[in-house]
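I opened a new page for this one. These are my notes on what I looked up, in the order I went.

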Amino acid sequence: MQTPSKNKIIDGAPQEFFFAGGLEYKPQTVTAHSKEEAEEIYEKTKQKVEPLPVNKSETL
């Protein structure tokens, strides 16, 4: 009898890949079968961080 593999890479199950995004993009976790596939998905779905509005009275 074959038991389920604890190593996701061996049994081909999708893995979660985290992309921090840095200062320009929001952080995001992508589920994919390979790092290359995850990078492609991230490039298509990444979202820019919107700068916070500046109140002019706070800058004085």
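This is a predicted model: local features need pLDDT of at least 70, side-chain atom pairs count only at pLDDT 80 or more; totals for chains, interfaces and linings use all residues.

**Layout first**

Starting at the N terminus, I read the elements of the chain as α-β-β-α. That gives 2 helices and 2 strands, where helices (H or I, at least four residues) and strands (E, at least two) are DSSP runs numbered from the N terminus. Residues are numbered from 1 along each chain as its sequence is written, and side-chain values use heavy atoms, with hydrogens and water left out.

**Surface and burial**

I looked up the accessible surface of the chain, which comes to about 5,500 Å² (Shrake-Rupley method, 1.4 Å probe; for residues, only the protein chains shown count as cover). Carbon and sulfur atoms hold 56% of that surface. Of the 60 residues, 13% count as buried (under 20% relative accessible area; exposed is over 50%, partly exposed in between, with a 1.4 Å probe and protein chains only).

**The core**

Which residues make up the largest nonpolar core? I found 7: Phe17, Phe19, Tyr25, Val30, Ala32, Ala38 and Tyr42. β1 (15-19), β2 (28-32) and α2 each supply at least two residues of this core. The term covers buried Ala, Val, Leu, Ile, Met, Phe, Trp, Tyr and Cys residues joined through side-chain atoms within 4.5 Å.

**One ring pair**

I found 1 aromatic pair in the structure (ring centres of Phe, Tyr or the six-membered ring of Trp within 6.5 Å; planes under 30 degrees apart are stacked, over 60 edge-to-face, the rest tilted). Phenylalanine 19 and tyrosine 42 form it, stacked, at 4.4 Å centre to centre with 10 degrees between the planes. Phenylalanine 19 sits in strand β1 and tyrosine 42 in helix α2, so the pair ties together parts 23 residues apart in sequence. Phenylalanine 19 is buried at 17% relative accessible area, and tyrosine 42 is buried at 8%.

**Around tyrosine 25**

Leaving out residues up to four places away in sequence, I listed what tyrosine 25 touches: Ala20, Tyr42, Lys46, Gln47, Lys48 and Val49 (contact means heavy atoms within 4.5 Å). Lysine 46 lies over the face of tyrosine 25, at 4.4 Å from the ring centre (NZ of Lys or CZ of Arg within 6 Å of the centre and within 35 degrees of the ring normal).

Is glutamate 50 buried or exposed? Glutamate 50 is exposed, at 62% relative accessible area, and lies in the segment after α2 (35-45).
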